[in-house]
Amino acid sequence: MRSLLTFSPRRSAEFSRIGLNELVRNVLRILHHKLKQYPDRLIQRHLDEALPTIQANAAELEQVILNLVLNAIDAVDAGRGAILIRTRVADERRVILEIEDNGCGIPLEDQQKLFEPFFTTKPVGKGIGIGLSTCYHIIQAHGGEINVSSTPGRGARFTVVLPMTVDSGGS
Ligand SMILES: Nc1ncnc2c1ncn2[C@@H]1O[C@H](COP(=O)(O)OP(=O)(O)O)[C@@H](O)[C@H]1O
Ligand SMILES: [Mg+2]
């Protein structure tokens, strides 16, 4: 599933007005069967139900969320893992999607390289290192930003910032 999704070509993106929370729910629905092998409540959600909409390509952003969640699942120790997906308002113009885990974390020297194509620390057959570079390009195309912060050994947090829908002023 992972390789199919990460290699699916970027459609000449159609953007529409979208609620980020709905995309998070869609992705968790896609992952439903995979998540059955993990303890209950491995993934928690803190979704701001009053989150303003964004202008986005739904399929592409779902791919971003899926990549980030799959990476978080890979990073946590199944028995003690916790993954938090949060949406919130950043400022008057932007919203934030955060995916946080308490897994292995990322060594400082790797944190710069994560978004480069083919950077992976996973064994052959498990990772090919294209997920985060794909995320980076998709978020760029949405006029947003993606950043990582991590304390090695304690976990990682990926923060995606996206512009809100700009109303054209008509009532
Ligand atoms: N949540 C995370 N916790 C720790 N390391 C991570 C996390 N997400 C990504 N990484 C690191 O970034 C690398 C690149 O991720 P990605 O581009 O998705 O490729 P892949 O998952 O195929 O290795 C991973 O191999 C891993 O070392
Ligand atoms: Mg990945």
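**Stop one: a pair to start with**

Select Arg-94 and Asp-91: their side chains meet in a salt bridge, 2.9 Å from N to O. Keep in mind as you look around that this is a predicted model.

Next, select Arg-86, Arg-88, Glu-98, Glu-100 and Arg-157 together. Here you're looking at one network, joined by salt bridges that share partners.

**Stop two: across the chain**

Now pick Glu-49 and Arg-25. Their closest N and O atoms are 2.7 Å apart, and the two form a salt bridge. What does this pair tie together? Glu-49 sits in the loop between β2 (43–47) and β3 (54–56), while Arg-25 belongs to helix α2 (residues 20–30), so the bridge links parts that are 24 residues apart in sequence.

Is Glu-49 buried or exposed? Its relative accessibility is 57%, and exposed means over 50%, so Glu-49 counts as exposed. Arg-25 comes in at 28% relative accessible area, which makes it partly exposed.

**Stop three: one more pair**

Finally, select Arg-80 and Asp-77. This is another salt bridge, with 3.4 Å between the closest N and O atoms. Color the two by accessibility if your viewer can do that: Arg-80 is exposed at 68% relative accessible area, whereas Asp-77 is partly exposed at 41%.

Notes:
Residues are numbered from 1 along each chain as its sequence is written. Chains are lettered from A and ligands numbered from 1 in the order in which they are written. This is a predicted model: local features need pLDDT of at least 70, side-chain atom pairs count only at pLDDT 80 or more; totals for chains, interfaces and linings use all residues. Side-chain values use heavy atoms; hydrogens and water are left out. A salt bridge is a side-chain nitrogen of Lys or Arg within 4 Å of a carboxyl oxygen of Asp or Glu. Helices (H or I, at least four residues) and strands (E, at least two) are DSSP runs, numbered from the N terminus. Buried means under 20% relative accessible area, exposed over 50%, partly exposed in between (1.4 Å probe, protein chains only).
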